Amino acid sequence: MGDENAVSELPNGWLQVKVPLPYSLKWVNAYLLPEQTGWTLIDPGLRSEEIESFWNETFTDLGIRLQDIRTIVLTHHHPDHYGLAGWFQERTGASVWMSKVAHANALRLWGENETFSDELTEAFLRHGLAEELENEIRIHMRGFREKVSPQPEDVQYIAPGDRFSMGGTEWEVYGGEGHAPGHLLFYDRESGWLICGDQVLPDITPNIGWMAGGDPDPLKSFMDSLRGIGHLDVSTVFPGHRNPYSSYQQRIEELLGHHERRIRKMAELIGDDEKSAFEVCELMFGARLRNNAHNLRFALAETIAHLVRMEKLGLIVRIEPAVTDGERPTIRYRTAR
Ligand SMILES: [Zn+2]
């Protein structure tokens, strides 16, 4: 896995490390910021044996010793960013920083005795998930646990509105909702740099997914968040996936437009019939998703997030029969009249 193209030195002296991912996203960006002594590591990646080897080889190539990593900063708790935080902390003693909300989510989703996998699977079944996919989704969700273990023992919190020093810059901390609860962004007014995690990705639209027990209306949170940070004067965005880019405000407009179009498309797909979220999902994203639990889970969560928003906008009506003994009636949506 040792790939010499995995590390790029950026014009500002940081290292961008493309940490491999076993998904269609291909890689997550870790950033290494030089400090007076040692380095700060942002978003170390998913935990697996291959990725541990990748880091060992990368550090050997760079002449960085593990103990040179003094601080680990996480933009959000998703496994592709947070997964190796505990592994690194065990080996380096580095302090780990993230938002309190993100940490609480990591523990709820992947902690001891978690119930989230069951809650999400049950919610998906109520939204019409084909029953033959029930176990696949549950196993898929439980499978993330090993990809984030060990979780960091000792976590320190950063909150929106704070100032946070790293890489010789005193950053303004912003919050970004919708993609992940408690997501953090770091902005420097002087240089115009923005470390944005997955909030404002180039080329790809971050997944906006409804999650059992999470944000009840994540698409609204996401769009409000984008509008809230759209005024920042940004020269370079350092995203969690793909490469650093500069067309920040244009990208925000594109993302807002994308979700507005998707809402109109889903309204069309519902048409004159009642449909479950799973039916809308298959019409929107294609039935081949049944062969890929990872993508199916993202697609269904994304569909529900849009349907929730459309209901709040008064475009559709939710029909939710009461649960009775042994029955699991499907939630359906129809066009509002
Ligand atoms: Zn990500």
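Visitor: Which residues of β8 lie on its covered face, and which on its uncovered one?

Guide: This is a predicted model, so read each feature as part of a prediction. In β8, F164 and M166 make up the covered face. R163 and S165 sit on the uncovered one.

Visitor: What does β8 pair with?

Guide: The general idea comes first. Strands of a sheet pair through backbone hydrogen bonds, either parallel or antiparallel. Here, β8 runs antiparallel to β9 (residues 169-176), and 4 bridges join them. Look at R163: its bridge partner in β9 is E172.

Visitor: What is the strand order in the open sheet of 5 strands?

Guide: The order is β8-β9-β10-β11-β12, and the pairing is mixed. At the edges stand β8 (163-166) and β12 (236-239), which each pair on one side only. From one strand to the next, the twist averages 30°.

Visitor: How many bridges join β10 to β11?

Guide: There are 3 bridges between β10 (residues 183-188) and β11 (residues 193-197), and the strands run antiparallel. Find D188, then look across to β11: W193 stands opposite.

Visitor: What is the order in the open sheet of 3 strands?

Guide: Read β13-β15-β14, with antiparallel pairing. β13 (275-276) and β14 (316-319) each have a single partner strand, so one side of each is left without a neighbour in the sheet. β13 is joined to β15 (residues 332-335) by 2 bridges. In this pair, S276 stands opposite R332.

Visitor: Now the metal. Which residues are the protein donors of the zinc ion?

Guide: They are D80 (OD), H81 (NE2), D198 (OD) and H241 (NE2). These donors lie 2.1 to 2.4 Å from the zinc ion. Along the sequence, the spacing is D-H-x116-D-x42-H. D80 lies in helix α2 (residues 79-82), while D198 lies in the loop between β11 and α7 (218-229), so the pair ties together parts that are 118 residues apart in sequence. Both D80 and D198 are buried.

Visitor: What are the angles among the 4 donor atoms?

Guide: Start from the ideal. Ideal angles at a metal are 109.5 degrees for four tetrahedral donors. In this site the angles among the 4 donor atoms are 87 to 163°, and the site is irregular.

Visitor: How many disulfides does a search of the whole structure find?

Guide: The search finds 0 disulfides. As for individual cysteines, C196 is buried at 0% relative accessible area. C281 is also buried, at 0% relative accessibility.

Visitor: How do I read the backbone angles?

Guide: Most residues other than glycine have a negative phi, and most peptide bonds are trans. Now look for departures from that pattern. D203 is not a glycine, yet has a positive phi of about 65°. D203 lies in the loop between β11 and α7 and is exposed, with a relative accessible area of 61%. R242 is not a glycine either, and has a positive phi of about 65°. R242 sits in the loop between β12 and α8 (248-270) and is partly exposed, at 27%.

Visitor: Where is the cis peptide bond?

Guide: The cis bond joins S149 and P150, with omega of about -5°. P150 is in the loop between α6 (134-147) and β7 (155-157).

Visitor: Which residues does UniProt list for the domain?

Guide: The unreviewed UniProt entry lists residues 27-241 as "domain: Metallo-beta-lactamase". In the model, this span is 34% helix and 24% strand, and its end C-alpha atoms lie 7 Å apart.

Notes: Residues are numbered from 1 along each chain as its sequence is written. This is a predicted model: local features need pLDDT of at least 70, side-chain atom pairs count only at pLDDT 80 or more; totals for chains, interfaces and linings use all residues. Side-chain values use heavy atoms; hydrogens and water are left out. Two strands pair if DSSP finds at least two bridges between them. Axes are lines fitted to C-alpha atoms, for helices over the stretch in contact, and angles run from 0 to 180 degrees between N-to-C directions. A disulfide is a pair of cysteine sulfur atoms within 2.5 Å. Buried means under 20% relative accessible area, exposed over 50%, partly exposed in between (1.4 Å probe, protein chains only). Donors are N, O and S atoms within 2.8 Å of the metal (3.2 Å for Na, K and Ca); water is not among the atoms, so sites may look incomplete. Four donors count as tetrahedral if all angles lie between 85 and 135 degrees; four count as square planar and six as octahedral if opposite donors are over 155 degrees apart and all others between 65 and 115; anything else is irregular. UniProt positions are given in the numbering used here, feature names are shortened, and annotations may be inferred rather than shown by experiment.
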